[in-house]
Amino acid sequence: MTAALSTKACPTLTRPAGAPVYLDYQATTPCDPRVVETMLPWFTEKFGNPHSRNHRYGWEAEEAVEKAREQIAELIGADAKEIIFTSGATESNNLALKGVAHFYREKKNHIITVVTEHKCVLDTCRHLEQEGFKVTYLPVQANGLIDMSELEAAITDQTAIVSVMTVNNEIGVIQPVAEIGALCRKRGVFFHTDCAQAVGKVPLDVNAMNIDLMSISAHKLYGPKGIGALYVRRRPRVRLVPMINGGGQERGMRSGTLATPLCVGFGEACAIAKAEMASESERLMGLRNRLLGGLRQRLPEIYVNGDLDSRVPGNLNISFAFVEGEGLMMGVKDLAVSSGSACTSASLEPSYVLRALGLDAEMAHTSLRFGLGRFTTGEDIDFAIDHIVQAVEHLRSMSPLWDMHLEGIDIKSIEWAEH
Amino acid sequence: MAYSDKVIDHYEHPRNVGALDKDDGSVGTGLVGAPACGDVMKLQIKVSPEGIIEDAKFKTFGCGSAIASSSLVTEWVKGKTLDEAASIKNTDIAQELALPPVKIHCSVLAEDAIKAAIADYKKKSG
């Protein structure tokens, strides 16, 4: 078995020479070397099928998978039997929404979600609308949080499930999940939450928060890509129609042979998160404050998108007024960051999450997302500040909008020819 | 998205960034695009009494392709007559910079900027 956690300090990761500083931890995280180490034997000598009941290869794999299930459950205050392994949060979100909607469709046909949810929730809801379900998409306030009274008003006797993400992937804001859970329980509605960005980052307890279904992704918390989980409450029981049929694994909700190494890595990642979350959050909060403070000190006209208090420590989303986001990303080529601007995708629309906050399209076009994580150092942050300040100043010096701003011209007063 | 070497070169070493006096009768100013769309180009030309563009400056809010397109056209219009400059096509710009399909609008905007600057000059000089 693996060495006890306490004997292994958090490792550092060395960046290859010339590689950009990684500040995109909401996109994915590197596997923690301690995680990789626990996975390795399960690829080679311990390769058994965890569902083989007839020999030692199967038994030891099953034991490893069940230990991982317990590690995951412990992190969210669940019972191991309530953890269903999936391929990732996208599958978990699909299974939660389609599974519940289809199982209860004779009695209820209404789903409530939020406009700032991840695409995989929104797209699943659109799909269910085509099947005849009714979906309410709640708006958010300017800080990115939902208004509880709007949720309360949206719930009807027809509502089967409410799906609200705990932490938003673009702006990092934390929704009031405990309040949402309490409301849903009171009204007899299932509460699903996409916790891909939350597990291992903020304390979660499915019982205290009245969460009925929770989607988890391993690669957002320093585990391997290709695995996730759906927490499905047993009491009061939540029932699902499975999307994948087969040998009846995972209590019949998700057939298919489990990937033992991925399960083991996922479990280890959760165990590390449980042990280190508090200290890691504190450290990341320090780094985030350093980044924001450094930028604010040297650059005027920058704005944080989303609530700064109800937010995970590892996220900052900033609009740099009068500088277009993609142009800025090109200027900070020694940083790996994401832009809320259109031009990174095939569409020309800026981020729908930023638009939902009521941000003007022109401000949404000027945003960058910074994701800080376990292997981010103070030097990384200082380097980032210098690099960003330099790029923003350079681009503002060639921005006609910056000139207008300096001349006191309100760019909204100009009649632009939209193209 | 991977940019072509020419786009990167113009982005990192933009030609003719700056401004000319917009109240000068020999200067034409074109301002095209919209902040909400993520691109705004300001192109200015200074025209000699013989009708030759003797200087050009730009400022652009936009992605790397938008900056490169405007930088490139300031180089191209210099030394040209107004008619020659007006005949520059967006397809020439897109081809020179090897712009991918999603960036064609940047070259369209640069062509519009030239035409707008020329129109402004003509309006001023009557």
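The legends below describe close-up views of a predicted model. Local features need pLDDT of at least 70 and side-chain atom pairs count only at pLDDT 80 or more, whereas totals for chains, interfaces and linings use all residues. Residues are numbered from 1 along each chain as its sequence is written, and chains are lettered from A in the order in which they are written.

**View 1. Chain A as a whole.** The secondary structure of chain A comprises twelve helices and 13 strands, where helices (H or I, at least four residues) and strands (E, at least two) are DSSP runs numbered from the N terminus. Chain A is as compact as a globular protein of its length, because its radius of gyration of 23 Å is close to the 22 Å that the globule rule gives for 419 residues; the radius is taken over C-alpha atoms, and the rule is 2.2 Å times the number of residues to the power 0.38. The C-alpha atoms fill a box of roughly 80 × 55 × 35 Å along the principal axes. Of the 419 residues, 49% count as buried, a residue being buried if 20 or more other C-beta atoms lie within 10 Å of its own, exposed if 12 or fewer, and partly exposed in between, with C-beta atoms placed from the backbone.

View 2. Lys46(A) is placed in the loop between α1 (33-39) and α2 (56-76) of chain A. Because 16 other C-beta atoms lie within 10 Å, Lys46(A) is partly exposed. Leaving aside neighbours within four places in sequence, Lys46(A) is in contact (C-beta atoms, placed from the backbone, within 7 Å) with Pro41(A), Glu60(A) and Ala61(A).

**View 3. The contact of chains A and B.** This contact takes 25 residues from chain A and 23 residues from chain B. On the side of chain B that touches chain A, β1 (27-34), β2 (39-47), β3 (53-61), α2 (64-77) and α5 (104-125) each supply at least two residues, and β1(B) gives the most, with four residues.

**View 4. The largest nonpolar core.** A nonpolar core is a set of buried Ala, Val, Leu, Ile, Met, Phe, Trp, Tyr and Cys residues joined through C-beta atoms within 7 Å. Of the 155 residues in the largest one, Tyr231(A), Cys263(A) and Ala113(B) touch the most other members. Helix α7 (residues 260-298) of chain A provides the largest share, 13 residues. The core lies between domain 1 (33-272) and domain 2 (277-405) of chain A, because both give residues to it; the domain bounds come from an automatic or database domain assignment.

Note on methods. Two residues are in contact if their C-beta atoms, placed from the backbone, lie within 7 Å.
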